[in-house]
Amino acid sequence: MKQVSLPDGTSVPALGQGTWMMGEDRSNRSAEIAALREGITLGMTLIDTAEMYGDGESEALVGEAIAGLRDQVFLVSKAYPQNAGRARLRAACEASLKRLGTDRLDLYLLHWRGSVPLAETIEAMEALRDAGMIVRWGVSNLDTDDMEELVEAGGQGCATDQILYNLTRRGPEHDLLPWLAARHMPIMAYSPVEQGRLLGHRALATIAAARDATPAQLALAWTMRRDAVIAIPKAGSVAHVRDNRAALDLELDAETLAALDAAFPPPRARTPLAML
Ligand code: NDP
């Protein structure tokens with residue numbers, strides 16, 4: 001499994017698993033648990049969830065899926081911005097840990113920026129780290145100017161920025177990705193197949209078919225072509241997890257990259273970071 005280094009030197013798999021919308025429909029529960037377990041077996045051991053997803057139901061489902069497997073998993077969750085301050089972060093984290101059936105998160109993220117000052121979020125995150133409830137912290141949906149403010153506010157310990165990045169969302173290539181790379185901070189690319197919408201794109205399907213790949217494999221292989229990208233597709237079935245895992249075996253030659261650049265052009269100017 002291809003690995004990505006975090007700023008503290010820890011290696012995590014370049015291909016993980018997202019869980020938004022999981023745990024919301026009981027009829028999908030056993031398929032979703034089987035999908036997450038298959039992913040772990042295949043080495044996609046980084047699992048991303050959030051207190052927001054299904055109002056805690058996603059974390060509860062992840063807890064069930066990783067029961068007995070906790071030490072194999074790199075567990076990521078996220079706090080609502082309104083909880084990311086001195087008064088509430090500890091309780092939010094405790095509730096996430098309880099739902100997940102664990103005593104620590106490997107990574108805890110600020111889900112998006114709200115009204116709590118960044119300096120206060122950093123202080124609250126570092127208090128959780130000192131208490132052993134989280135191993136490290138990071139952010140999500142922060143654009144370059146927010147990241148600059150974060151570092152100025154004392155946030156040098158930030159491990160990652162989880163952002164919307166895929167073939168149809170290349171804006172971060174202009175300035176956010178270079179800014180993060182210069183600080184050895186990888187990104188976590190969320191919605192790497194644009195919540196499924198990308199998979200029906202005609203150019204993607206044509207380029208993929210010519211290489212005996214599925215559109216999902218090509219889109220994921222492209223997202224992970226850079227060294228410092230962790231892709232976290234959500235797949236609700238074992239078949240989709242296996243399909244996604246095979247993206248790591250797909251080599252992208254110069255001709256394929258050029259065809260994808262022609263169909264999905266890189267940004268020419270600064271583009272504000274989009275979020276879903
Ligand atoms: P994705 O781009 O991962 O797309 C998920 C959709 O694609 C699902 O409908 C899934 O279907 C389908 N899919 C996945 N693999 C395949 C495949 N091989 N073939 C066909 N269809 C496939 O969207 P998400 O928005 O879920 O993003 C991934 C994760 O990123 C989230 O689950 C969440 O953990 C995180 N995220 C974080 C955000 C943030 O603000 N920080 C915002 C959005 C997402 P099926 O379920 O049937 O397999």
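Start by selecting Asn141, which is buried, with 21 other C-beta atoms within 10 Å. Keep in mind as you go that this is a predicted model. To find your bearings, look at the loop between strand 6 (137-140) and helix 5 (144-152), where Asn141 sits. Now check its backbone: Asn141 is not a glycine, yet its phi is positive, at about 60°.

Next, jump to Ser191. Here's another residue other than glycine with a positive phi, this one near 45°. You'll find Ser191 in the loop between strand 8 (187-190) and helix 7 (202-210). Is Ser191 buried or exposed? Ser191 counts as buried because 24 other C-beta atoms lie within 10 Å, and the cut-off for that label is 20 or more.

Now for the core. Select Tyr108, Ala189, Ala219, Ile230 and Ala231: in the largest nonpolar core, which has 78 residues, these touch the most other members. Then colour helix 8 (residues 215-223), which gives this core its largest share, 6 residues. Zoom in on Ala219 and show what is around it. Leaving out residues up to four places away in sequence, Ala219 touches Asn166, Leu167, Pro192, Val193, Leu198 and Leu204.

Last stop: the ligand. Which residues come nearest to the ligand? Pick out Gly18, Trp20, Tyr190, Lys234 and Gly236, the nearest of the 28 residues around it. Helix 9 (residues 238-245) supplies the largest share of this shell, 3 residues. Colour the shell by type and you'll get 11 nonpolar, 13 polar and 4 charged residues.

Terms used:
Residues numbered from 1 in each chain as written. Predicted model: local features only at pLDDT ≥ 70, side-chain atom pairs only at ≥ 80, totals over all residues. Helix = DSSP H or I, 4+ residues; strand = E, 2+ residues; numbered from the N terminus. Buried ≥ 20, exposed ≤ 12 C-beta atoms within 10 Å, placed from the backbone. Core = buried A, V, L, I, M, F, W, Y, C linked by C-beta atoms within 7 Å. Contact = placed C-beta atoms within 7 Å. Near = placed C-beta within 6 Å. Nonpolar A, V, L, I, M, F, W, Y, C, P; charged D, E, K, R; others polar.
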